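Notebook open, structure on screen. I'm jotting down what I look up as I go, residue by residue.

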Amino acid sequence: MYAVFETGGKQYTATAGDILFVEKLNVEPGEEITFDKVLAMGGEGETTFGAPYLDGAAVTAKVLKNGKGKKITILTYRPKKDSQRKKGHRQPYTKVEILSVGGDAKKKPAKKAAAKKAEAAEE
């Protein structure tokens with residue numbers, strides 16, 4: 001079973017046991033964290049998509065460490081102007097291990113009208 005979830009403005013695909021580098025989270029190493037913004041879940045020939053998120057689906061992960069990525073160098077140069085600037089940047093990240101992917105995946109209705117239609121269909 002796999003899930004596509006959102007954190008830090010980015011989307012990640014995960015299965016149980018995966019190790020991911022996500023955008024920095026304010027969580028200490030060793031703690032567990034739950035990502036509840038699950039966009040899609042799939043497995044065994046069946047895929048469920050949310051609108052935009054799945055209701056009741058979650059991805060649980062354990063934080064392994066917080067760190068910084070490799071340094072990148074940014075060079076700005078303007079010819080004939082005797083102007084140049086050199087900067088460096090290291091992007092912070094959080095390394096997580098996916099413990100479980102699951103939950104009962106129910107779609108959230110996109111709009112109120114769709115919610116009324118879904119309730120009428122269930123009755």
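This is a predicted model: local features need pLDDT of at least 70, side-chain atom pairs count only at pLDDT 80 or more; totals for chains, interfaces and linings use all residues.

Is Gly 8 buried or exposed? I looked up its relative accessibility, which is 53%, so Gly 8 counts as exposed. My cut-offs for that: buried is under 20% relative accessible area, exposed is over 50%, and partly exposed is in between, with a 1.4 Å probe and protein chains only.

Residues are numbered from 1 along each chain as its sequence is written, and side-chain values use heavy atoms, with hydrogens and water left out.

I find Gly 8 in the loop between S1 and S2. Strands here are DSSP runs of E, at least two residues long, numbered from the N terminus (helices would be H or I, at least four residues). I also checked Gly 8 against Val 22: they sit 14 residues apart in sequence, and their C-alpha atoms are 7.4 Å apart in space.

**Entry: salt bridge**

I went looking for salt bridges, meaning a side-chain nitrogen of Lys or Arg within 4 Å of a carboxyl oxygen of Asp or Glu. The count is 1 salt bridge. The partners are Lys 10 and Glu 23, with 2.6 Å between the closest N and O atoms. Lys 10 belongs to strand S2 (residues 10-15) and Glu 23 to strand S3 (residues 19-23), so the pair, 13 residues apart, links distant parts of the chain. How accessible is Lys 10? I get 41% relative accessibility, which makes Lys 10 partly exposed. Glu 23, at 18%, is buried.

**Entry: rings**

Next I asked how many aromatic pairs there are. My rule: rings of Phe, Tyr and Trp (its six-membered ring) pair if their centres lie within 6.5 Å; planes under 30 degrees apart are stacked, over 60 edge-to-face, and the rest tilted. That gives 3 aromatic pairs. One of them is Phe 5 with Phe 35, which is stacked because the ring centres are 4.7 Å apart and the planes are at 25°. This pair also links distant parts of the chain, 30 residues apart: Phe 5 is in strand S1 (residues 2-7) and Phe 35 in strand S4 (residues 32-35). Phe 5 is buried at 0% relative accessible area, and Phe 35 is buried at 5%. Ring pairs also bring in Tyr 12, making a cluster of Phe 5, Tyr 12 and Phe 35.

Most residues other than glycine have a negative phi, and most peptide bonds are trans. So I noted the exceptions that I came across. Glu 44 has a positive phi, near 55°. I place Glu 44 in the loop between strand S5 (38-43) and S6, and at 86% relative accessibility Glu 44 is exposed. Asp 82 also has a positive phi, about 55°. Asp 82 lies in the loop between strand S8 (72-78) and strand S9 (83-89) and is exposed at 80%. Which peptide bond is cis? I found the one from Ala 51 to Pro 52, with omega near 0°. Pro 52 is in the loop between strand S6 (46-49) and strand S7 (54-68).
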